[in-house]
Amino acid sequence: MALRHAVLAALLDVELSGYQLAKSFDLGVANFWYAQPQQLYAELARLERDGLIAGREVVQDARPNKRLFRVTEAGLAELEDFTAASAKPPFIRDDLLVKVQAADDVDLGALIAQLDERASIAAAKIDLFGQLLRGMRGERTEEEFLRHGDRVGPYLTCMRGLAFEQGNRDWCQRAIAVLTERRRAHTRT
């Protein structure tokens, strides 16, 4: 997947400025695609140049003017082609896993601290995803929303982000427990 497809998907529901797009990525899209704000601004320029989005200038009083972007018909066709193509299986590439791989030969205290930090970050994201999901479905149950909600795609990707972070948290907590016990057993001998 290219960043362009993530940006196009983020612009499906509403016109956004570059700043709003960066915030949207932080809250919703970041659970499956990460990008720096400067990458987003560069991608917006490429997408507009390629005719996949259209921008319009909005004049503001007491603030700098801003540009709002929306997906064009060509952008929708690009997304259609993208969704029709086979998706590559995901893979994990994580520095922390390299460190855990070396757990038998490194300082466990530092490693446990990093695992604890990762678990805390995952817990915060779990809370955020829970809030986002509740906000999207409103008063409906999850099953009602999944059957009858207007835009189910963002909800499903948020569910995946939630499951991913729950898995991260649970694995980190398990790894901490194992490494803590091994460190205790090693110091007793």
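Modeller: A pocket, on a 1 Å grid over the protein atoms alone, is an open set of points with protein on both sides within 12 Å along at least five of seven lines; its lining residues have an atom within 4 Å of a point. This is a predicted model, with residues numbered from 1 along each chain as its sequence is written. Local features need pLDDT of at least 70, side-chain atom pairs count only at pLDDT 80 or more, and totals for chains, interfaces and linings use all residues; side-chain values use heavy atoms, leaving out hydrogens and water.

Colleague: Thanks! How much space lies in the second largest pocket?

Modeller: Its lining is made of A103, D104, V106, L108, L179, R182, R183, A185 and H186. Taking volume as the space filled by probe spheres set on the grid points, the second largest pocket holds about 200 Å³.

Colleague: Which helix gives the most to the lining of the second largest pocket?

Modeller: By class, that lining has five nonpolar residues, one polar and three charged. Five residues of the lining come from the helix that gives the most, residues 152–188, and that is α8.

Colleague: How are α6 and α8 placed relative to each other?

Modeller: Helix α6 (residues 108–137) packs on α8 with the axes 8 Å apart, in a left-handed crossing. The contact of α6 with α8 has 21 nonpolar, five polar and seven charged residues. Their angle is about 155°, and angles over 145 degrees count as roughly antiparallel. The two helices are therefore roughly antiparallel.

Colleague: What about α1 and α3: how are they placed relative to each other?

Modeller: The axes of α1 (residues 3–10) and α3 (residues 37–49) come within 10 Å and cross at roughly 85°. L3, R4, V7 and L8 of α1 meet Q39, L40, E43, L44 and L47 of α3, which by class gives six nonpolar, one polar and two charged residues. Angles of 65 to 115 degrees count as roughly perpendicular, so α1 and α3 are roughly perpendicular.

Colleague: And which residues of α4 make the contact with α1?

Modeller: Helix α4 (residues 73–84) and α1 have axes that come within 10 Å and cross at roughly 120°, which makes α1 oblique to α4. α1 passes α4 in a left-handed crossing. With contact meaning heavy atoms within 4.5 Å, α1 brings R4, H5, L8 and A9, and α4 brings G75, E78, L79 and F82.

Methods: Axes fitted to C-alpha atoms, helices over the stretch in contact; angles between N-to-C directions. Helix = DSSP H or I, 4+ residues; strand = E, 2+ residues; numbered from the N terminus. Parallel < 35°, antiparallel > 145°, perpendicular 65-115°, else oblique. Left-handed = near helix turned anticlockwise from the far one by under 90°. 1 Å grid on protein atoms, 1.4 Å probe; cavity = no way out; pocket = protein on both sides within 12 Å on 5 of 7 lines; lining within 4 Å. Nonpolar A, V, L, I, M, F, W, Y, C, P; charged D, E, K, R; others polar.
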